[in-house]
Amino acid sequence: MQIVILCEDRQQEVFARYFLKKYGFSGQPRAQICPPGSQSGEQYVCDQYPKEVRAYRQRKNQVKIGLVVFIDADTNTLQSRLQKLEVNLSNDGQKNRQFDEAIAIFIPKRNIETWIRYLRNEKVDEVASYSKAQHNESSCKDEVEQLAENCKHQKILPTTAPSSLQAACKELQRLLPLL
């Protein structure tokens, strides 16, 4: 099984790796991370998304493959981020993501740090911008692995979970056929 992680930064990549491994996905994911200082992470993901979807579609009938996309909502809505990705696919001459494709899009609102703080039982909202764990991205391991365990066995999150994290649990369903 092959999983590609397309993301804005190292924190998102670490989060995705810990989650996927604990959930039961095997293999070593290949990460496509925005190079620091090159452009905004959001722009990088939007630009790379059509390329990664094309690569996924070319290989999906030959190998068991999945595409995991992380893009922060920032001050936008989850729907506007999804629409932007769809427009980029359309501009590249591709059709929208299909329901049977193992392409999962995770959109933390405002950023991934919102989810991490929630998992640490801190009070959060999806408007505030929380600081990054510079050079300590792996400090979220225990919390992310606990999230994976909870998702695996309970399939739902508490109603107190950020709405973007609840939406992410629904997106996870797209990857389950790979297990």
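Which strands does helix α1 (residues 10–23) lie across, and at about what angle does it run to β1? Helix α1 lies across β1 (2–7), β2 and β3, and runs at about 150° to β1. Axes here are lines fitted to C-alpha atoms, for helices over the stretch in contact, with angles from 0 to 180 degrees between N-to-C directions; contact means heavy atoms within 4.5 Å. Helices (H or I, at least four residues) and strands (E, at least two) are DSSP runs, numbered from the N terminus.

This is a predicted model, in which local features need pLDDT of at least 70 and side-chain atom pairs count only at pLDDT 80 or more, while totals for chains, interfaces and linings use all residues. Residues are numbered from 1 along each chain as its sequence is written, and side-chain values use heavy atoms, with hydrogens and water left out.

**The sheet**

- Four strands form an open sheet in the order β2-β1-β3-β4, with parallel pairing (two strands pair if DSSP finds at least two bridges between them).
- At the edges are β2 (30–33) and β4 (103–106), each of which pairs on one side only.
- On average, neighbouring strands of this sheet are turned by 15° against each other, direction ignored.
- Strand β3 (residues 65–70) pairs with β4 in the parallel sense over 4 bridges, and F70 stands opposite F106 in β4.

**Two residues to look at**

- Q11 sits in helix α1 and counts as buried because its relative accessibility is 5% (buried means under 20% relative accessible area, exposed over 50%, partly exposed in between, with a 1.4 Å probe and protein chains only).
- Leaving aside residues up to four places away in sequence, Q11 touches I112, E113, I116, A133, E137 and C140.
- I33 belongs to strand β2 and, at 28% relative accessibility, counts as partly exposed.
- With the sequence neighbours up to four places away left out, I33 touches C7, E8, D9, R10, E13 and Y44.
- The C-alpha atoms of I33 and V45 are separated by 8.2 Å, with the two residues 12 apart along the chain.

**The largest cavity**

- The largest cavity has a volume of about 140 Å³ (a cavity is a set of points on a 1 Å grid over the protein atoms alone where a 1.4 Å probe fits but cannot get out, and lining residues have an atom within 4 Å of a point; the volume is the space filled by probe spheres set on the points, which are joined across faces, edges and corners).
- Its lining has 14 residues, and F15, F19, F70, F106 and A168 lie nearest the centre.
- Elements giving two or more residues to this lining are α1, β3, α5 (141–154) and α6 (163–172).

Notes:
1 Å grid on protein atoms, 1.4 Å probe; cavity = no way out; pocket = protein on both sides within 12 Å on 5 of 7 lines; lining within 4 Å.
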